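Hi,

Here is the structure I said I would pass on. Have a look at it first, and then read on for what turned up.

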Amino acid sequence: MNKYQWNILLQHLLLIALFSISVSSYSQSQDLFFEGKEMLMEFNKLGIKSIISQKDQFRANPIRTGNIWGNVHVMYRVGTGAWLNIYTGNTVIDRVSPKKIVYKNTNQGTTMNLFRTFEKIDDDKILFTARVENRIPFPLTIGDFYFSFPANHPQNFLLPDEIFEQGYIRHQYIGGEGSFLFYTRGAGQPPFLVVTPVKGTGFEYFEGDNIYIHSHLSANKLPKGSWRQGNTEKILSPKGEEGSIIEYGYILQWADSYDEIRDILYEDGLFDVRIIPGMTIPQDLNCKISLRTTNHIDSIVAEYPDQTKITYLKTVPGNNHIYEINFRQLGENLITVHYNGEEKTILEFFSTESLNTLIRKRTQFIIKSQQHKDSTKWYNGLYSLWDMEHRTLRGPDDTDGFDHWWGYVLAADDPALCKAPFLAAKNVYFPVDEEIKSIEYYIENFVWGGLQRTDKEEPYPYGIYGVPNWKVNRGGIAERATIRNTNLDKIPVWRAYDYPHIFMLYYHMFQIAEFYPQKVKFRDAKGYLDLAYQTSKAYFLYPYEILPYYEIYQWGYYNELVLMPLIDELKKYGMIDEAEWLRAEWEKKVKYFVYDDKYPYRSEYSFDRTAFESTYALAKYGVLNKMEPDVNLWYDINRKKWYSHSEVHQKNAREFMERQHFAGLAVRGWIEPSYYHYGADFSLSYMARMGGWSILDYGLTFAERPWDWLQLGYASYLSSFALMNTGTEKTNYGYWYPGKENDGAMGWAYNNKKYGSIWLQNREQSRGAWIYDGEADLGNGAIFRMSSTILAKDPLFGWYAYGGKMNHKGALYSVIPRDGVRNRFWIVDEDFKIGIEVTRDGFEKETAIVYSESAGTIEFFLENRVNEEHFNTLIVRAEDNWDLYLDNKKMLLNPALRMSEQVMEALLPVTGKKHKILLKKKKK
C-alpha cells in the first residue's frame, strides 16, 4: 500500500471515529471529509477548503488557497436603520453525521440564526443549503444575500504546469433560476466542477467572486452603470411567522465532458440551451434556439414584443424545444423563459444592423473620423483612438491621460496598428478608392521611414519601432529615458507584436495591387509583396536578437498566420528562396508547439487567450505537411539549449490540434446563453473572433462530428459585432453611445460588471462596450478569414444556413448569403461536404445560391465588384469530383495546394456584371 492509499485509509478511520462520538466532544480544529467515487471534499472549521475529483491525475483544487467555499454574506436592516452584516462569529459545527455537516453562526443576542448545511445527496453530489432565521419580533429587510466562490485562477500561479493543471477558470450564467457556474482547468481538459442552484435559488448579479441571490444594496451603491436584471431585496417576517425563514442553496458535482455538463443542467432542472447562429444576431438573419429541459415552459416573452417575432417550431425527442426568433429592435434584447408557474430565466441577445452594413460603416468611420491628416505633425497619417463618450478623436496632442509609456495606446502597438490591416483586408473584396488612398497615405506618411525603418537604415532595416511611439524611439536616449529605465543602449525595434500587423497590411495591399493595379500608387504588387516578406523576415530576426524576452518560436502572436498565404504568393512570383526561408522559420515554430512544450498557450502573458489563433494555425500546418526530423534545429538563448526532433509525425500534430482546441474552450463561452459570453472570449474582445476562426475552421476541416464547432465557431464570428456602435436615425445611430458622430465607432472590449475598473489604467467603465476602439480592429481583420455562409444539416435543428437566409422545398435548398463578405459557401451534411471560395468579387447580393441534393448541383451568380474585365480564382474543397460551368461553358478544375491544403481551382474570366456558375457532382 502506497503513501497516498495509507492517507486515504487513515482519513476513513478518522471520519468513522468522528461520527461515533458526540458533538460536544468534537474538536473544532479537525478537518472532515466527504468521499465518493468521483469526489473528495475536505472541510475545516469554517467551510469547504478543497474539492478534488478522484479522476483527476493532478489532484487540483479549484478553491483559492487559504480560502473556503460555503461562505454566506447577508446585509440586512431593521426598519430604516443602518445596514448591518449578519453575525458570522462563533462558527461551530452544530451536527455531524456520515452524510451531513452543519455549521451554525449564532449567539443569544443575534437578530438572525445562520445555518450552513453540506449534505451528500448521492455518492458524488453535494447539496449546500444556507438557512437564515429571523429571531426578533420585527420584520427584517435583506439588501444583499450572496455566496462567495474564490477560485484558484491560472493567473495565481507562475509555472506552466501549475497554471494549466492547477488553475481553474469560472464560467457563469447569471440569469435567474436557470443560472449556473462551472469551472474549467487552464488546459481545458476535464474534470469540470459544476455549480447548479436548487429550486427557489436564482442568481441575479455578481461582483468578483460573489454571486448574488439578492443584490439591491450592493448594486445600488454603485454611482453609475446599468444592469439588465432586477436587483432585489427580501423581507423576512417577524420571528415565528410565515416568511421568517429563507433557504437558498446549490449543488456541487464533477463532470467529465461538456456533454456531461449539459446533462447535469438538464437533470438538475435547469436548461441546456443551444443557439444558432449565435447570440449577436444581425437583423436580416433569424436565430433558432433549443431549450432542453424537464421543466414545463409556460411562455417565452420578448423584451420588445412589437419588435420581436418568436415562433415555436417543434419538440425534438429528448425534451428539446425548438423556437425561431427574429429581432427588429437594435441593441440588447432580453428573452424571458417563464416555467413551472413561478420561475423564470433569461437569455440575453444583441441585435445589430446587417453585417454588410456594419463592415461598410466601420471602414468608412475609420478613414473619415479616425485618421490624423496634418503634414505639420509627426503623426501625420496615423489612425488613432475614437472616444465615443466625448465624440472626439484622440491622439498624441489630445491624450485623455494616455501619456508617456501609455502613449502607445494612441500611436503604436496593437491599438493603433490594427486599423490599417483591417481596412486593407476589406478592400480586397470591396475596393473603395478613398479607403485605399487613406491606407496608402498612412503607409507613406506614418509607417515608412517613421514607424518602420526603411531599407536604407542600418542596422535593422525594415525594423518597427515599438511603444510608446516611433517619435520617442527615434529621438535618442534623451527621449527614450523618459519612458524606460533599461535597454537604452538598444535600438527599440524589438516588440515582436508590432510586426505581424505590418506584414499583414503589406500582404493585403499586395492583393489589392494585384487585383486593382490602377488603385495603388505607393508600391505595385511586387513591391508590396517584397515589403511583406522583408517585414516578416525582420519579425523572425530582430526581436529575439535584440531582446530575447520575445520568444518568437515559443509564443503565439496574432496575425502571424498570414505567413501561410504569403509563402504561397512568394512562390507564385518566383521568390522561391524567400518562401523557403519563411517556411523553415515557421516549421521551427510548428515543431516547438507540437513537441517541445506541453502547454504552449502563452503569449504576452503566461496564460493568454491571444495564443489560440496561432496554436491552431501551427497545428494545422503540422497535420497537412510531412516535416522532416532534425538535429540542432535552433538554439534557445534563454534556456541555453538546442532543440532537435529525432521523429516527426503528422499524427503528433493532430494530437496537439485536439489539445489546443480544448485549451481554447477554457477561455471561451459556449454553454452560457448571453451574447457577451456565447462564442466570446471572457471580455468579448478582438480575441473572440481571432480564436473563433480556429474553432470554425476545425469544424469545417477536421472534426469528425462538426456540429458543435459550427455552432460555437459561428457564434464566435458574430459575437464581437455587438461592440459596434451603429444605428439608424430612428435609433439615434447607436446603442452604446448614441449620436450620429458615433455611427460606425466601436468598443475595444466589453465590461460585464455593472460598473467598475477595466485593465486599461484601471479606468472606471459602465457595463457594455468600452468607450475606445483600441484593439477591436484586430478582430475585424479576422472577419475575412471566417466570413462564410454555411448550409448545414444539424442533428438537432435540421437544415440551417449560418450567415444566410434559407428556403427549401423537398431536396432543393435556396440560400441568400448574408455573412458580410459573400466569398465562401459551404454545405455540410453527415456524409457530404463541399466548400466554395472566390479570391475576389463575391456571390451576387441578395441572390440565392441553389443546392439540389437530388441532382447534385450547386448554382450561383458571381458578381463583378469593379465592373472591369479580370480573372477570378474559384476554389473547391471537397472529396468528391465536380464539373464546373461558367455561363454554361465547361471550365477546367485543376488540383492545387493552398496553404498546404489540397484543393481544386479554376481561373475564371470575369467579363460582365455577373456570371452564372454551376457545379455538378460527378457520378462515382
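Two strands count as paired here if DSSP finds at least two bridges between them. With that in mind, in this predicted model proline 282 stands opposite threonine 352 in S25. S25 covers residues 343-352, and S19 pairs with it in the parallel sense over three bridges.

Those two belong to an open sheet of four strands, ordered S19-S25-S24-S21, and the pairing in it is mixed. Its edges are strand S19 (280-282) and strand S21 (297-302), each of which pairs on one side only. On average, neighbouring strands of this sheet are turned by 30° against each other, ignoring direction.

There is another open sheet, with three strands in the order S1-S2-S3 and antiparallel pairing. Here the edge strands are S1 (32-35) and S3 (48-53), and each pairs on one side only. Neighbouring strands in this one are turned by 15° against each other on average, again ignoring direction. S1 and S2 (residues 39-43) are antiparallel and share four bridges; phenylalanine 33 stands opposite glutamate 42 in S2. As background for both sheets, strands pair through backbone hydrogen bonds, either parallel or antiparallel.

- S7 (residues 100-105) and S8 run antiparallel and are joined by six bridges. They form a hairpin with six residues between them, and tyrosine 103 stands opposite arginine 116 in S8.
- S8 and S9 (residues 125-134) are antiparallel too, with ten bridges joining them. This pair is a hairpin with two residues between the strands.
- Phenylalanine 128 stands opposite tyrosine 250 in S17.

How enclosed are S8 and S9 by the rest of the structure? In S8 (residues 112-122), eight of the eleven residues are buried, so that strand is largely enclosed by the rest of the structure. S9 is largely enclosed as well, because nine of its ten residues are buried.

On to the nonpolar cores. The largest has 218 residues, and those with the most contacts inside it are Leu291, Phe349, Tyr442, Met509 and Ile790. A second, separate core has 52 residues, including Met41, Ala60, Ala219 and Leu236.

Now the helices. H18 (residues 686-701) has 16 residues and reaches 23 Å from its first C-alpha to its last, close to the 22 Å expected at 1.5 Å a residue. Where is the kink in H18 centred? The kink is centred on glycine 692 and comes to about 30°. H18 is mostly covered, with 15 of its 16 residues buried.

- Lysine 361 sits in helix H5 (residues 355-369). Buried or exposed? Lysine 361 counts as buried, because its relative accessibility is 12% and the cut-off for buried is under 20%. Not counting residues up to four places away in sequence, lysine 361 touches Glu353, Thr726, Gly727, Asp743 and Gly744.
- Histidine 508 lies in helix H12 (residues 498-515). With a relative accessible area of 12%, histidine 508 is buried. Its contacts, not counting residues up to four places away in sequence, are Pro421, Ala424, Ala425 and Val428.

That's the tour, and it's over to you now.

Cheers

Conventions:
Residues are numbered from 1 along each chain as its sequence is written. This is a predicted model: local features need pLDDT of at least 70, side-chain atom pairs count only at pLDDT 80 or more; totals for chains, interfaces and linings use all residues. Side-chain values use heavy atoms; hydrogens and water are left out. Buried means under 20% relative accessible area, exposed over 50%, partly exposed in between (1.4 Å probe, protein chains only). Contact means heavy atoms within 4.5 Å. Axes are lines fitted to C-alpha atoms, for helices over the stretch in contact, and angles run from 0 to 180 degrees between N-to-C directions. The expected span of a helix is 1.5 Å times one less than its number of residues. The bend at a residue is the angle between axes fitted to the seven residues ending there and the seven starting there. A nonpolar core is a set of buried Ala, Val, Leu, Ile, Met, Phe, Trp, Tyr and Cys residues joined through side-chain atoms within 4.5 Å.
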